[in-house]
Amino acid sequence: MAEHWTRKELEFALRERSPRHESWIRSLAHCDRRHFLRVTGRFAAMAAAAGVVQPHAFQLVNVAYAAEPGEEEKLAFRFAYISDSHMYARGMDHSFVKATLKAVEDVNALDPQPDFVLYGGDLAQLGRPEELELGQQILSELKAPLRMMVGEHDWYFDLGEKWRALFGPDRYSFDHKGVHFVTLNSVVEKDFWSGPAYTPAQRMEIVAGLDDGRQSRFEVGEEQRHWLARDLEKVDRNTPLVVFSHSPLYKYYRPWNFWTEDAEQVQALLQPFRTVTVIHGHTHQILTNRIGRIHFFGMLSTAWPWPYAPEGLPELTIQMARADPFDQFDGCGDGRVDLLRGGGAIKHYDLWDRDPRSVSSAQLDRGLSADRAGYRGPSY
Ligand SMILES: [Fe+2]
Ligand SMILES: [Fe+2]
């Protein structure tokens, strides 16, 4: 009974690697939705009984998205996204873990269900195997098929070994209902660790930090660009193209690593297509841009919102209000992308503590006069 749990017992139950915690984790991997809710509810009850303040309630969000007239009829299909959970394996009571559970519940509550769910990278915080395993177990509760993308926090502890074992290739393409999708690993870095003989943990911490000059910059890289070029060769230029990348595929703000070093070369491969939508994670904020035919949409994080960079913000971005510092999850959320027949997209931001926001590629097109190419980023 929850009321019999003391704080000490609760800490024991939630402590990493405790036998009881392990059994909770195992139960998550095999439970149905009703059991899943019961498990998460029991954690909330245990915490409440022990006097632990719940920073976030497990509530289903009623999603009421705005859409322009006629857009519903143009809907081809929709997919949902969850991104940037940055989970530590410090127990089910950790706020980042609970936020990920909430996102899974949000997406599972969508009716009709999305065709698939994209996970936008940075599932783990420090790339540890136990963090990735915990994330895999929680995401396995999604009812819709899951597509994974890697972020730098998932990768630089063991250079992707555990991530690939759990989720498969870090780059791939697929076709779905007339749309060609490509998922990239856009957080490739040149070897900065062998020379100074950094340990795996040191390498991970350097990559997880700001651009302090020790690491190389995120890039898609020459080898992957060749793969992308070969993949796109076989696709008709009128086929709508959607690209998933973790970092934005343009140059936003280098000191915070909101940046892809070879962005222009990747964009050149995408520009021949009639409609191109890039969905990215990493920046933890509502972020929109257009460069030529390419529309860029950033995803929200479930863990924390980044502030907008002090310079270089694309002018088409509809800014979310600055996060309330007293509310850990203000500015966080999950969301949905509606792909329209003919190639346009509407990006829906399910901000947990605020009204939902929507941005469409049609709005971005209207926001630019015909003679302007869109924001290309600062030149450092
Ligand atoms: Fe992130
Ligand atoms: Fe990231």
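**View 1. L339 stands opposite A345 in strand 11.** In this predicted model, strand 10 (residues 333–340) and strand 11 (residues 345–351) are antiparallel and share seven bridges. Strands are DSSP runs of E with at least two residues, helices are runs of H or I with at least four, and both are numbered from the N terminus; two strands pair if DSSP finds at least two bridges between them. Four residues lie between the two strands of this hairpin, and G342 has a positive phi near 95°.

**View 2. Strand 10 also pairs with strand 1 (residues 75–82).** The two strands run antiparallel and are joined by six bridges. G335 in strand 10 is the bridge partner of Y81.

**View 3. D122, E152, H246 and H282 coordinate the iron ion (ligand 2).** The donor atoms, which are N, O or S within 2.8 Å of the metal (3.2 Å for Na, K and Ca; water is not among the atoms, so sites may look incomplete), lie at 2.2 to 2.6 Å. D122 bridges this ion and the iron ion (ligand 1), 3.5 Å apart. D122 is in the loop between strand 2 (117–119) and helix 6 (129–139), while H282, 160 residues away, is in the loop between strand 7 (276–280) and strand 8 (288–291). D122 is buried because its relative accessibility is 1%; H282, at 5%, is buried too.

**Notes.** Residues are numbered from 1 along each chain as its sequence is written, chains are lettered from A and ligands numbered from 1 in the order written. Local features need pLDDT of at least 70, side-chain atom pairs count only at pLDDT 80 or more, totals for chains, interfaces and linings use all residues, and side-chain values use heavy atoms, without hydrogens and water.

Definitions and conventions
Buried < 20%, exposed > 50% of the residue type's maximum accessible area, 1.4 Å probe, protein only.
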